[in-house]
Each structure stands twice: as C-alpha cells, then as structure tokens.
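I opened this notebook to keep track of what I looked up, entry by entry. The structure comes first, then my notes.

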Amino acid sequence: MIQKSIMCPNCKNKFTVEGNPGEKVRITCPKCDTSGYFYFPKEKPTSKTEVTVIETKNLSKFYGKIKGIENLTLSVKKGEIFGFLGPNGAGKTTTIRTLLGYLIPTSGEALILGKNIKDNIVNIKRNVGYIPGDLNLYGHLTGKQFLDYFASLRNTEMTLLDELLKVFDVPLDRRIKGYSKGMKQKLGIIQAFMDDPEIVIMDEPTSGLDPLLQQKFYDFLLDQKKKDKTMFFSSHVLSEVDKICDRIGIIRNGNLVALEDVETLKSKMGKIIKVKIKEPPELFKGPKNMKIKGEWIEFVTNEDIDYWIKLLAKYTIVDLDINEFSLEDIFIHYYEGQT
Amino acid sequence: MNDIFRFKIAIQTMKNHWKTTIIVTLLFMVMAVMYAGMFPSFEESIIDMMDSNFYESFNFFPHADQMHTYVGFLTLELYNIFWLLILAIMIGFIAASSISKEIEGKTIDILMSNPVSRKQIVIEKFVGLIPMFLVINFATMMALIGITTAINESLNYGNLFIVHILSIPYFLTVFSLGILISVIIDEKMKASIILISILVGMFVLNSISLLSPDYEFIGFFSFLHYFDTYMILQSGEVDVVGIFVFIILTILFQVVAMIYFERRDIAIS
C-alpha cells in the first residue's frame, strides 16, 4: 500500500489517496465532491541489485623495487561505466594489465565476474573484451583476416560485429600495416566488442580517434550501458570521463586517492566562488583557502555559502561567479603539490 | 579445454609462414640437387686425393674418410652442414622469434585478450611450425631421390627415408629449444642470435669431439652427436639412444617453456 498526495483539479484541494502500484482507484474530492480515477504508477523495476563484476582487494604490483600499484582496492558494478583516471605513469596500465593476467600481482587479489584472476583468467576472458593502450595489431593480416582469426579464437557468435562495422568502418580488405592510427584504434574497438562481452576493459581507447569518432564511440558505450554491460575505462582526458562515466577512481603514484560517483565527488568538493568587489580585495576576510588573483577574490566553500554571501553583501559587489568544481579542478586538487 | 585442440593459433602460425616454407623448400631442393649433382664430376679427383693426409685434414667432419663415396659426400657436404646446421639455424631462427616477436611487437596483448592460455600459446606456436619443416624435409628427400636417379648413383632409398624420418625428432628439438628461448628473451633478434650461437656452438663441439678420441666426451653436449646420417644412409644403423635424447629434450624444453611463460610478467616497455 502506498500513499500519494494529490490535488483536486477542480477546487485545488490537496488530499492523500492510498492504493497499490498499478491500481486504478475511484476517488472523490472530500471538499467539492468531484470524482475521478487515479492511476497509481506501476512499480519501477526494482533498482537493479548491485552486482560487483570487478573487484580488487589490496592489489599490488611491484617491478622489483619499483612500485607499479600499491594496495589498490576498488570495485566496479554491473552496468556502470567506470572511469579510471590518472596522468601518464600513475599506474593505470599496470592496474589493467594486472587485472587481465599479463602481470602477476605481487600481493592482493582480484576477482572478475566472481572468478579469481589467479586461476580463472582464461575463462574470464570469454566474457571480457580488452582494448590495449599501446595497441599493436598483426600488420601482415588484412582487417578481415584479423577479425576472422580472433573470431575463431573466441569460438562464439559475433553478435555485434555487423553493427560495429557500420559505426566504425575500416578498410577490411587492406592490410593492417597500411592502416592509420585511427583505423587501427577502430579495429581494436571492433575486436573488443564484437562478441558482445559482459565487460570491456579499455586503456585510453579514444587516443587516435578524431572528435567525431570519439562521439560515436561514447554513444556506442552508452548504448552498451543500457544493455547492462560494464565498461572499465582508463583515461587522462577528463572531459570524456565527465561526459560518460558513472563513477571514477583517481590513481596517483600507484595509489588510489579517490573512488566516487562523479556527481557526489563534485558536490563534496563544494563550490568555487569568484567575486570582484569595489573595495580593495585585501579588505575582505575570506576563508583560509582564499586567493587573490588580480581584482578577483577566489575561494572554495562547501556548506556555508549563505554565510559568505551575507558577508560579501557588506561590500560593493562588481561581479560574482559561483561554479561547481569541474572534473579538471578535482583532478588538479588531487594532484596539487605533485609533479 | 577443447579450445586447445582447435589449434587456431597453430593454423595461423602455419599461414604466416607459408611463403617462407615455399622459399626454404625450393632452396633446399636446389641445394640437394646441386651438391648431389656435383658428385660425379668430383668423384675421381677426390679418389685421387684420398690419402690419409688429405682426409685427416678433414677430420673434424664426420666420416671424412668416406668422402669419396656418394653417401660420404652427401653426409659431409649436404647433411652435416646444410641440413643439420644451416637448416636448423634457419628454422630455429623462426622458432626463437615466434613468441619474442609477439612480445616485442606488443601483439601479445591483443592475442592474450582472447580466451587462450599461455600454455596453449607455447604449444600451438610449436605445433604450427611443424608442417613447415615436414614440407621442407620430404621435398628435399624427393629432390635427392630424383637427382640420385638422374646421375645413376646408388643409394638405399629406404635408408634415405629413415634419415628424413629421424630428422623430425632432431628438428623438433631445435624448434622446442627455439621456443624456450623465445619465451625468455623479449627481443626477437636477441632470441634468434642466442639460438644460432647455441647451434653453431654445438656444431663446433661436435667437430672438436671428432678430432681425437680424447675429446670424444665433448660431443655428448652436441645434438649432432646423436644423429649420424652417414650410418643410417650407409647401413640403416639407427642410434636409438639418440632418438630418445631428442624426444626427451623436446618434451623437456616445451615443459620448461610452458612453466616459465606461465609465471613470467608480460610487461610492455
């Protein structure tokens, strides 16, 4: 039984009705006696039970004494696009290559689709596609020969192949040797998705794609997401992550420094207030993080916007700008003081 | 598990080498015809020179004292150098670069994104090279039969067949060693050079061991010691121990290669 507060269309009287989802109830306004039917909305399919499809527990990889990644613990849920952020050399590729069994973890463990990568990696790969960061394909094969070869290795139906070839057209009869970087990247995308795997792990997949193709690629990823497929996406291009990712992990020097919903992360960070006042900016006593840039006063505030606005009201405001943190700002925030 | 027996990587390896197979096959057929065909014109002058001083100076070749006979000539000119050394180098080079090439060229990443195990890659790369050798092996044998008939020399073709059958375990050992090096060394040139050095080294060891009975033990470290083409061609005498040595070494190198490849990191530079 659910309650719904409704308003009578005739006398604007507000009252509540009770009923079950999907039920049609005859109601009469207690005030003006107008009657009609109310349809209780059908229950939305219960928000999908969150299934973790990729999970790492304290995953570490050292190359001898050199740290690749350290104590990485993260999980990716079914149906989400997870953005894995970090500058070059932060450990993104090491994480991906350890997850996929190319590198043997120094310690910790990882599960993909509930299976431990240690002893199930071949089986895992039946349901996981991968686009390597430094993509190298067999130059002596034609695009078609390459895809045929890989289809034979997967030994399953290539359900998405035709669709992919329409979106990312490549000269199938030409040898890959003669492909441009973008064409190779497209072929890399095609092979990863062609058998419609549950998870696709991508290491900077948009490098080499022109903006138009990038857009096509994002659209394709979002379509896959609708089909409840999971995508793990490493990048250092923040705008694309902002555009398509549900959650992000930020990695710095091999350690995970943030793991959050993109929107939550942004709201947590607070707002950036930029203000120009007629009086000398030094007169304004802002929070500790206040910076004066020329005529502009700049500071970040989280919950006490009201307080600062009221304080600012005592000055003559020339210009005011309140902005949400962009992913760029967040990223820089996590990397401040780092080289 | 049944994916392993579909041998798709092996088939691709075979396809990748079809041109090389044809070229090397033709090369060795020509070589066989040329050397065997030379024998009649050399025969008399060799017999004239055939005193102990002369052939002792060739002592580091197996059965140099028989070089005036057709079988001895074939052993010395064709089998010892071109077959057991040069051909081993050529196809060993391919084996040694088979996996190192994929690691160096970074195609290993995309290959291993498929549901294939590392063991499977090692086995299939090995299996994929065998057809190439079989073609070269039996085409060369046929060329030799052709030229021998044409120049009217006598040769026991049954024994010749045994030589080429027993060439299989010898070359499988070379392949297997090549693949072992290939999973350890990431640069294909380096891997191939190491294999070639080993093969040439073993050739030298065998040659030294022939010089004097004192050095005979050195020969045990050479593959060539276990495969005497002269004895087979001449009398059909087969070194059974040698066959086992090759089979055991082939299996050993493969197993070590699989274990090593399974445990190593595949890093990209």
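**Entry 1: a helix contact in chain B.** Which residues in α4(B) meet which residues in α8(B)? I found B:Ala88, B:Ile91, B:Gly92, B:Ala95, B:Ala96, B:Ser97 and B:Ser98 on the α4(B) side. Facing them in α8(B) are B:Phe171, B:Val174, B:Phe175, B:Gly178, B:Ile179, B:Ile181 and B:Ser182. Contact here is a matter of C-beta atoms, placed from the backbone, that lie within 7 Å. Helices (H or I, at least four residues) and strands (E, at least two) are DSSP runs, numbered from the N terminus.

**Entry 2: ground rules.** I noted that this is a predicted model, in which local features need pLDDT of at least 70, side-chain atom pairs count only at pLDDT 80 or more, and totals for chains, interfaces and linings use all residues. Residues are numbered from 1 along each chain as its sequence is written, while chains are lettered from A and ligands numbered from 1 in the order in which they are written.

**Entry 3: confidence.** I looked up pLDDT, the predictor's confidence in each residue, from 0 to 100. Chain A has a mean of 87, with 97% of its residues at 70 or more. Its lowest value by element is in helix α10 (residues 327-335) of chain A, at a mean of 74, and its highest is in strand β10 (residues 128-131) of chain A, at 96. Chain B averages 90, and 98% of the residues score at least 70. For the complex the predictor gives an ipTM of 0.89 and a pTM of 0.82.

**Entry 4: more on the helices of chain B.** I went back to helix α4 (residues 70-98) of chain B and α8(B): they pack at an angle of about 35°, with their axes 7 Å apart. Axes are lines fitted to C-alpha atoms, for helices over the stretch in contact, and angles run from 0 to 180 degrees between N-to-C directions. The crossing of α4(B) and α8(B) is right-handed (left-handed if the near helix is turned anticlockwise from the far one by less than a right angle, right-handed if clockwise).

Next I checked α8(B) against helix α9 (residues 188-211) of chain B, whose axes come within 9 Å and cross at roughly 140°. The two are therefore oblique to each other (under 35 degrees counts as roughly parallel, over 145 as roughly antiparallel, 65 to 115 as roughly perpendicular and the rest as oblique). This crossing is right-handed too. B:Leu177, B:Gly178, B:Ile181 and B:Ser182 of α8(B) make the contact with B:Ala191, B:Ile194 and B:Leu195 of α9(B).

**Entry 5: domains of chain A.** The domain assignment gives domain 1 (2-39), domain 2 (52-265) and domain 3 (270-335); such bounds come from an automatic or database domain assignment. I read 51 Å between the C-alpha centres of domain 1 and domain 2 of chain A.

**Entry 6: the six-stranded sheet.** In what order do the six strands of the open sheet in chain A run? I wrote down β10-β11-β12-β7-β13-β14, with mixed pairing. Two strands pair if DSSP finds at least two bridges between them. β10 and β14 (255-261) of chain A are the edge strands, each pairing on one side only. From one strand to the next the twist averages 15°. α10(A) packs on this sheet, touching β7, β13 (247-252) and β14 of chain A, and its direction makes about 30° with that of β13(A). Strand β7 (residues 81-85) and strand β12 (residues 230-235) of chain A run parallel, joined by five bridges. A:Gly83 stands opposite A:Phe233 in β12(A).

**Entry 7: the four-stranded sheet.** I found another open sheet in chain A, in the order β6-β5-β8-β9 with antiparallel pairing. β6 (66-77) and β9 (115-116) of chain A have a single partner strand each, so one side of each is left without a neighbour in the sheet. Eight bridges join strand β5 (residues 52-63) of chain A to β6(A). A:Lys61 has A:Ile69 in β6(A) as its bridge partner. Helix α1 (residues 92-99) of chain A lies across β5, β6 and β8 (107-112), at about 65° to β6(A).

Key. Two residues are in contact if their C-beta atoms, placed from the backbone, lie within 7 Å.
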